[in-house]
Amino acid sequence: MSTADGLPPAEAAIDTAPDRVRRWRLVLGGDGAGPGTGLEDAQLSDEDSGVDAVLAALYDKPDEEATGGPRSANLGASAPRVARWLGDIRRYFPSTVVQVMQRDAVDRLGLTRMLLEKELLSAVEPDVHLVGTLLSLNGVLPEETKETAREVVRKVVTELEERLAERTRAAIRGALDKASRTHRPRPGDVDWARTIHANLKHYSPDLRTIVPEKLIGFGRRQQAVQRDVVLAVDQSGSMAESVVYSGLFGAVLASMRALKTSFVAFDTEVADLTEHLADPVDVLFGTQLGGGTDINRAIAYCQSLVERPERTLLVLISDLYEGGDEEELLHRMAELAGAGVQVVTLLALSDSGAPSYDHENAAALAELGIPAFACTPDQFPDLMAAAIRGDDLQSWVARASS
């Protein structure tokens, strides 16, 4: 009997033991490798010592000491040290791990202030969470740092567009085509390919042809714009990742001639950023993360944008923690739904998993027939397509979650 690499079991165990010791030593750090652990004699290579050093700089301190006290000076108080550390972690770890460590550094060591420095900002690995942090600093970024910040944000947005934009357009175009399909088309509007496929069972051997009992086609579009879409985006601090993705999708939707897209960002104030939708970076820098929340005020503004209720889709992206008038908010949402507006509430538009949200308000909206659920960016194109087709979104959510 031998292992997959051809060694007898005992020899394989002996051969891999040093690597296990090395890994435990790196996981536990120097303080965790004391007498009695079996790790005190672990030998680290020069590269392992470098890995150990960058991990120790971030993680070898209790959380209560991480953001203050004399020990925090080993990383948190020195921009040159942080710049070197950022370079080192990119040397030792893949980009996905680098992004996690950067996020931990911001949270544990209070490095947010360092992102105000151009040289340091240039050294970071851009990702969605970093963009959210930069947007929260938008109002205090020095002039010499703003252009670098825009470059960082644009790099992330470009990567997201490559992943999501065309898929979103394709899903929505298909949904619009299906929604406009009619079974009583005019002669010039018959979709012969779909009509033939739907009537194959009606082939007549005597006539040697298909007798179409059901015609499928597309209704004549009286207007180029088939749907009005209003994105109402909560820009309170807890919604940073959702704001980033919302800005991207808002720009993608606005690029489609068949949609009239409005983008409304809100905290306790309301900002209509629709005129900036040509560039998602401009949209994102038009937001101001970190304020309170008045959802009712935002929905009141969105009501004023509704011109064709039965052709309007309102997507509220919020955790539903209302700082304004909850009763009036629910009344407005009921009015919108009653008028024929299709209203969807996304508790989060992010990759971060289950969000924190106001369960009572979510339940109250569900009683009004307004679904409230979280959605990942990869699911958003299919969600929009389902909403445009008029599908049962509760069933769609159940399928997407299974």
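Phe249 and Phe380 are both buried. That is where I will start, and please keep in mind that we are looking at a predicted model. The two rings sit with their centres 4.4 Å apart and their planes at 40°, so the pair counts as tilted. Phe249 belongs to helix α10, residues 240–254, and Phe380 to helix α15, residues 380–389, so this pair ties together parts that are 131 residues apart in sequence.

There are two aromatic pairs in the structure. Phe373 and Trp396 make up a tilted pair, with 6.3 Å from centre to centre and 45° between the planes. Phe373 is in strand β10, residues 372–375, and Trp396 is in helix α16, residues 393–401, so the parts tied together here are 23 residues apart in sequence. Phe373 and Trp396 are both buried.

Now the chain as a whole. Its secondary structure comes to 16 helices and ten strands. The chain has 402 residues, and 44% of them count as buried. If we take the contacts with a separation of 6 or more, 73% of them are between residues 24 or more positions apart.

Next, helix α12, which covers residues 295–305. Which of its residues are buried? They are Ile295, Asn296, Ala298, Ile299 and Cys302. Looking down the axis of α12, we find these buried residues within an arc of 155°, so they line one face of the helix. What covers them includes the strands β5 (227–234), β6 (259–266), β7 (270–272) and β8 (312–317), along with α13 (326–338).

On to salt bridges. A search of the whole structure finds 14 of them. One is between the side chains of Arg308 and Asp228, at 3.2 Å from N to O. This pair links distant parts of the chain, with Arg308 in the loop between α12 and β8 and Asp228 in strand β5, 80 residues apart. Arg308 is buried, at a relative accessible area of 17%, and Asp228 is buried as well, at 8%.

The loop between α12 and β8 also holds Glu307, whose partner Lys260 lies in strand β6, so this pair ties together parts 47 residues apart in sequence. In the salt bridge of Lys260 with Glu307, the closest N and O atoms are 3.5 Å apart. Lys260 is partly exposed, with a relative accessible area of 36%, whereas Glu307 counts as exposed at 60%.

Arg332 and Glu328 both lie in helix α13, four residues apart, which is about one turn of the helix. Their closest N and O atoms are 2.7 Å apart. Arg332 is buried, with a relative accessible area of 19%, and Glu328 is partly exposed at 30%. There is also a network, in which salt bridges that share partners join Arg163, Arg167, Asp378 and Asp382.

Now to Asp358, in the loop between β9 (342–349) and α14 (359–367). Asp358 is buried yet has no salt bridge. How far away is the nearest side chain of opposite charge? That side chain is Arg332, and it is 17 Å away. What Asp358 does have is a polar atom of its side chain at 2.9 Å from the backbone nitrogen of Asn361. Leaving out residues up to four places away in sequence, Asp358 touches Asp319, Leu320, Tyr321 and Glu326.

How values were computed
Residues are numbered from 1 along each chain as its sequence is written. This is a predicted model: local features need pLDDT of at least 70, side-chain atom pairs count only at pLDDT 80 or more; totals for chains, interfaces and linings use all residues. Side-chain values use heavy atoms; hydrogens and water are left out. Rings of Phe, Tyr and Trp (its six-membered ring) pair if their centres lie within 6.5 Å; planes under 30 degrees apart count as stacked, over 60 as edge-to-face and the rest as tilted. Helices (H or I, at least four residues) and strands (E, at least two) are DSSP runs, numbered from the N terminus. Buried means under 20% relative accessible area, exposed over 50%, partly exposed in between (1.4 Å probe, protein chains only). The arc is that of the directions from the helix axis to the C-beta atoms. Contact means heavy atoms within 4.5 Å. Lys and Arg count as positive and Asp and Glu as negative; His and the chain ends are not counted. A salt bridge is a side-chain nitrogen of Lys or Arg within 4 Å of a carboxyl oxygen of Asp or Glu. A polar contact is a pair of N or O atoms within 3.5 Å; within protein, one must be able to donate a hydrogen and the other to accept it, and residues adjacent in sequence count only if both atoms are side-chain atoms.
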